[in-house]
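Q: Hi, I'm new to this one and would like a quick tour. Can we look at it together?

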Amino acid sequence: MHIRIQKAKELLTYTNFSINKVAISVGFDDNAYFTKQFKRIVGTTPTNYRKQQQINKI
């Protein structure tokens, strides 16, 4: 699970894939389950994670 979430973090940071496409790319069929697991491990939602990464790039 942690490896899948790590890959999702990379995709969220370096691509413009939708959250749903990121979820599918790392092996989640259910977007809600992906978001729940991402938040459990990372501490924030995929959307907020992406926004934070964009702020950090500036």
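Q: Is Tyr33 buried, exposed or partly exposed?
A: Tyr33 is partly exposed, with a relative accessible area of 40%. Buried means under 20% relative accessible area, exposed means over 50%, and partly exposed lies in between, using a 1.4 Å probe and protein chains only. Keep in mind that this is a predicted model, where local features need pLDDT of at least 70, side-chain atom pairs count only at pLDDT 80 or more, and totals for chains, interfaces and linings use all residues. Residues are numbered from 1 along each chain as its sequence is written, and side-chain values use heavy atoms, with hydrogens and water left out.

Q: Which residue forms an aromatic pair with Tyr33, and how is the pair arranged?
A: Phe28 does, and the pair is tilted, with 5.8 Å centre to centre and 50° between the planes. Rings of Phe, Tyr and Trp (its six-membered ring) pair if their centres lie within 6.5 Å; planes under 30 degrees apart count as stacked, over 60 as edge-to-face and the rest as tilted.

Q: And why does Phe28 count as buried?
A: Because its relative accessibility is 4%, and the cut-off for buried is under 20%.

Q: What about Phe28 and Phe34?
A: Phe28 and Phe34 also form a tilted aromatic pair, 5.2 Å centre to centre with 55° between the planes. Both of these residues are buried.

Q: How many aromatic pairs are there, and which residues do ring pairs link into a cluster?
A: The count comes to four aromatic pairs. Ring pairs link Phe28, Tyr33, Phe34, Phe38 and Tyr49 into a cluster.

Q: Which charged end sits over the ring of Phe28?
A: That of Arg4, 4.1 Å from the ring centre. Lys21 lies over the face of Phe17 too, at 4.5 Å from that ring's centre. A charge sits over a ring if NZ of Lys or CZ of Arg is within 6 Å of the ring centre and within 35 degrees of the ring normal.

Q: New topic: which residues make up the largest nonpolar core?
A: It has twelve residues in all: Ile5, Ala8, Leu11, Leu12, Ile19, Val22, Ala23, Val26, Phe28, Phe34, Phe38 and Tyr49. H1, H2 and H3 each supply at least two residues of this core, and H1 gives the most, with four. A nonpolar core is a set of buried Ala, Val, Leu, Ile, Met, Phe, Trp, Tyr and Cys residues joined through side-chain atoms within 4.5 Å. Helices (H or I, at least four residues) are DSSP runs, numbered from the N terminus.

Q: Tell me about H1. Which of its residues are buried, and what covers them?
A: The buried residues of H1 are Ile5, Ala8, Leu11, Leu12 and Thr13. Their cover includes helix H2 (19–25), helix H3 (31–42) and helix H4 (46–57).

Q: Is Gln37 buried or exposed?
A: Gln37, which is in helix H3, is buried, with a relative accessible area of 8%. Its side chain makes a polar contact with the side chain of Arg40 at 2.8 Å. A polar contact is a pair of N or O atoms within 3.5 Å; within protein, one must be able to donate a hydrogen and the other to accept it, and residues adjacent in sequence count only if both atoms are side-chain atoms.

Q: What does Gln37 touch?
A: Not counting residues up to four places away in sequence, Gln37 touches Met1, Ile5 and Phe28. Contact means heavy atoms within 4.5 Å.
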